[in-house]
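Here are my notes on the fold, as numbered points. They cover the strand pairing first, then the helix packing and the nonpolar cores.

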Amino acid sequence: MKSKRRPYAEQRPQDLGGGVWSVPVPIPGNPLGYTLVYAVESPRGAVLVDAGWNHPDAWEALSGGLAALGLDVTAVSGVVVTHFHPDHAGLAGQVRDVSGAWIAMHENDAALVRLMTTYAASEHDAFQSDMLRRAGADPAEAGQSMGDRPAPPAIPDRELRDGDLVDLPGRKLRAVHTPGHTPGHICLHLEDADRLFTGDHVLPEITPHVGIYPFDRDDVDPLGDFLESLARVGELGPLAALPAHEWIFPDVAARAAQIRHHHEEKLDQLLALLTERPHPPTIWEVAAMMTWNRPWDALSPVLRSMAAGEAAAHLRTLEARGRICRLSGVDPVRFQALDS
């Protein structure tokens, strides 16, 4: 099936009707191309859903796109960030600087942003290298650069919990906690218009990255959380979806069901691979066995690290379901299938 995805150069700000607008904001050097930033009408000034990557070109696109729609970035009253990633939260601080707007984020991601501000780049590099080593990467790969770490986003002024209403007079915009892609990811249900701003949680063609960090954690289950969050979004019904990437689409419930099915198939395939293995593999070996959008040998160090994070998340879900176990006292960590 031919993709509906179009390059950033073909994107334009749009009036979506009902007091909602969209502005495509570029992500320099990223194959995703752009983030769709939404503006929702308010008597105090528009409230943005996400803000885009912190880059001069992105700022020009955001401020200019809003102006083309008759909106003024200096009159924005608030920014609700679906999650802390830089292509969503990066420009929130600059919007606040020029407008005095508040920034809101789920409390779990707000805690991560505060933590990020305490770590120096050298500490992050050492953490990353040791994490790769414990996953089974050889010393040369573990020591490879993962690229520059983006600056942490602005610390939010307000923290949201599941079910909270955003400060949007005259409208009902409710936070729906959908952890998985990040611990504090939220969708935003515009209840007076049957629309759901889905962030990265539900996208029309691709699936979001769901990883576990560090790779060998055994106290969280982000993929399990993601699957439960998809089921919860499905219960909202066939709402119109306004995602942060790609394009707007109908029936978020149907797409959420497709993504759940995709991951359940992936879990079944992974369990079969582990059952066939004569020796318990490391996370790195599992990642190399799994199917990605290009061969393992063709993946860059950054993409291999992301693949290992996803492999680890799938392993952790199988472990939480009692289908596999990790060997105790082994470094790097290894997993084996249990008899069904």
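1. Two strands pair if DSSP finds at least two bridges between them; strands (E, at least two residues) and helices (H or I, at least four) are DSSP runs numbered from the N terminus. By that rule, β8 (residues 173-177) and β9 (residues 186-190) are antiparallel and share five bridges. Val176 has Cys187 of β9 as its bridge partner. Four of the five residues of β8 are buried, meaning under 20% relative accessible area with a 1.4 Å probe and protein chains only.

2. This is a predicted model, in which local features need pLDDT of at least 70 and side-chain atom pairs count only at pLDDT 80 or more, while totals for chains, interfaces and linings use all residues. Residues are numbered from 1 along each chain as its sequence is written, and side-chain values use heavy atoms, leaving out hydrogens and water.

3. An open sheet of mixed pairing has seven strands in the order β1-β2-β3-β4-β5-β6-β7. β1 (14-15) and β7 (158-160) are the edges; each has a single partner strand, so one side of each lacks a neighbour in the sheet. Within this sheet, β2 (residues 20-26) and β3 (residues 34-40) run antiparallel and are joined by seven bridges, with Val23 opposite Val37 of β3.

4. Helix α1 (residues 56-68) packs on the sheet and touches β2, β3 and β4 (47-49), contact being heavy atoms within 4.5 Å. The direction of α1 makes about 160° with that of β2. Axes are lines fitted to C-alpha atoms, for helices over the stretch in contact, and angles run from 0 to 180 degrees between N-to-C directions. Helix α4 (residues 107-116) lies across β6 (102-106) and β7, at about 110° to β6.

5. How do α7 (222-234) and α10 (residues 301-320) pack? Their axes are 7 Å apart, at an angle of about 80°, which makes the two helices roughly perpendicular (65 to 115 degrees). Pro222, Leu223 and Gly224 of α7 meet Ala313, His314 and Thr317 of α10.

6. The axes of α8 (residues 252-276) and α10 come within 10 Å and cross at roughly 85°. Residues of α8 in this contact include His263 and Leu267, and those of α10 include Glu310 and Leu318.

7. The largest nonpolar core has 46 residues, of which Val202, Phe215, Ile283 and Leu315 touch the most other members. Such a core is a set of buried Ala, Val, Leu, Ile, Met, Phe, Trp, Tyr and Cys residues joined through side-chain atoms within 4.5 Å. A second, separate core has 29 residues, among them Val73 and Ile103.

Note on methods: Buried means under 20% relative accessible area, exposed over 50%, partly exposed in between (1.4 Å probe, protein chains only). Angles under 35 degrees count as roughly parallel, over 145 as roughly antiparallel, 65 to 115 as roughly perpendicular and the rest as oblique.
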